[in-house]
Amino acid sequence: MTEQQPTKSSLERTLDLTVSAAQLKADTETILRKRAKTAKVHGFRQGKVPMTMVRQMYGAQAYMDAMNNLLNKAYEEAVQAAQLKVAGAPTIEPKGEIKDDVDPQFTATVEVFPEVEVPDLSDVELKRFTCEVTDAEVDKTIEIMRKQRATFEEEADGVAAAEKRVTIDFVGKLNGEPFDGGSAKDFAFVIGAGQMLPDFEKAVDGMKTGEKKTFEMTFPADYVQHLAGKTVEFEVELKKVENAKLPEVDAAFAEKLGITEGVEKMREEIANNLKREVKARITQQTKDGVMNALNAAAKFDLPKALVADEQKAMADAFVQNMTARGMQKPEKPLPVELFKDGAERRIRLGLLIDALVQKENLAPTEEEVDAHIAELAASYENPEEVKQWFKSDRYRMSDARAFVLENKVTEWALSKGKTTEEKVEFDKLMGAN
């Protein structure tokens, strides 16, 4: 059992394995004797089948079972002797022909985990993103809430315009024929709210109550497949125009939002919620940039077996997400090559973070995890109940620890790199998915 030099990659190792022919024979016989106790053959009682017949029926399988057991033992001993940290299952091939009474020899090929060096970030440019929540952002949010709770009053001889609700009948035709999903009666939407495609809204804008209009429109290239990039004709009749009446920002408005202490308390609650959401998004944006930089700076080979497993896991998760969203499951398995870059990134960052935990002492403490859970729970009506909900499930706790760990790695990297601050506009940040 000797380790040989790597052959195909820096992570590949080969191990010489030898199985004792005498032990193989003895173990095969032991398996057959156990099998004989339960063997059933017509004309013989259970356990009374002659060994000659037992060997004929089960000899080949007993031999393979004994061989596999001895090979596994020899492999584990070889790995321990060579002090390898194995990544993935080995490939084991025989050396030449296997003969009776001759110790069979094999070669095991396996990958090992790489030696991960913590990268030098002193010349790596990193960004810590920031975003401020001011009274202006609170005002914008309240305005959105007012529009969401608007009531509408019909306008006699109305004219379609931004922020007005219009009711229309329309028929869409492709090559002169109506197409699925392209027609509706008494369809209402607010112009400028993004419910319809911009070109459709633009065509309706300015129409008068009772007016009919025919216009052409080209669907975006990324629209649903049967209409993507196609030019269609719409016939539209404007039946009604309504003006939006927004509620006053007063105690009654605050109470409808569940806040009984008045407008100032409502503004305080909205500001706190916005700050929590901004913090979450800005933290994620900063973290994404740091992780991309770490992935680029990390210079070590990856075990092919781990990458392959991750590719398959990502492909399976993608399909599960599709079906969960009501989409049809692909008829054929997705090519795992589509997920190669993502899989390599995950494996590389996972190995690097493990190394950082050990070398830089970045493991999350229980106090840090508890603080994170408390921050998440603070926005709920009963924070203590939410904390217990987290702590009652090991998977939720694992996610919480992973979040804290990623934040600690991010802060470590920012402290080592050439870090600058960059302010992100509130609207741009909140408009991001």
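Tutor: The protein exposes about 27,400 Å², of which carbon and sulfur atoms supply 48%; accessible areas here come from the Shrake-Rupley method with a 1.4 Å probe, and for residues only the protein chains shown count as cover. This is a predicted model, in which local features need pLDDT of at least 70 and side-chain atom pairs count only at pLDDT 80 or more, while totals for chains, interfaces and linings use all residues. Residues are numbered from 1 along each chain as its sequence is written, and side-chain values use heavy atoms, with hydrogens and water left out.

Of the 433 residues, 33% count as buried, where buried means under 20% relative accessible area, exposed means over 50%, and partly exposed lies in between (1.4 Å probe, protein chains only). The radius of gyration is 34 Å, whereas a compact globule of 433 residues would have one near 22 Å; the value is taken over C-alpha atoms, and the globule rule is 2.2 Å times the number of residues to the power 0.38. Along its principal axes, the C-alpha trace spans about 105 × 60 × 45 Å. The secondary structure comes to twelve helices and ten strands, which are DSSP runs numbered from the N terminus (helices are H or I with at least four residues, strands are E with at least two).

Now to the packing itself. In soluble globular proteins, nonpolar side chains tend to be buried together. A nonpolar core is here a set of buried Ala, Val, Leu, Ile, Met, Phe, Trp, Tyr and Cys residues joined through side-chain atoms within 4.5 Å. The largest such core has 29 residues, and the members that touch the most others are Leu294, Phe300, Leu352, Val409 and Trp412. Helices α6 (263-297), α7 (304-324), α8 (340-360) and α11 (394-416) each supply at least two residues of this core, and α8 gives the most, with nine. Leu294 shows how the pieces meet: leaving out residues up to four places away in sequence, it touches Pro119, Leu121, Leu349, Leu352, Val409 and Trp412, where contact means heavy atoms within 4.5 Å. A second, separate core of 22 residues includes Ala160, Met207, Phe215 and Phe234.

Setting aside residues up to four places away in sequence, Glu310 touches Ala343, Arg346 and Ile347.

Phe170, in strand β6, counts as buried because its relative accessible area is 8%. Beyond its neighbours within four places in sequence, Phe170 is in contact with Gly182, Ser183, Ala184, Phe187, Phe200, Phe234, Glu235 and Val236; Phe234, as noted, is one of the residues included in the second core. For the protein as a whole, residues 24 or more positions apart account for 70% of the contacts with a separation of 6 or more.

As a contrast, Asp157 sits in the loop between β5 (151-154) and β6 (165-174) and counts as exposed because its relative accessibility is 71%.
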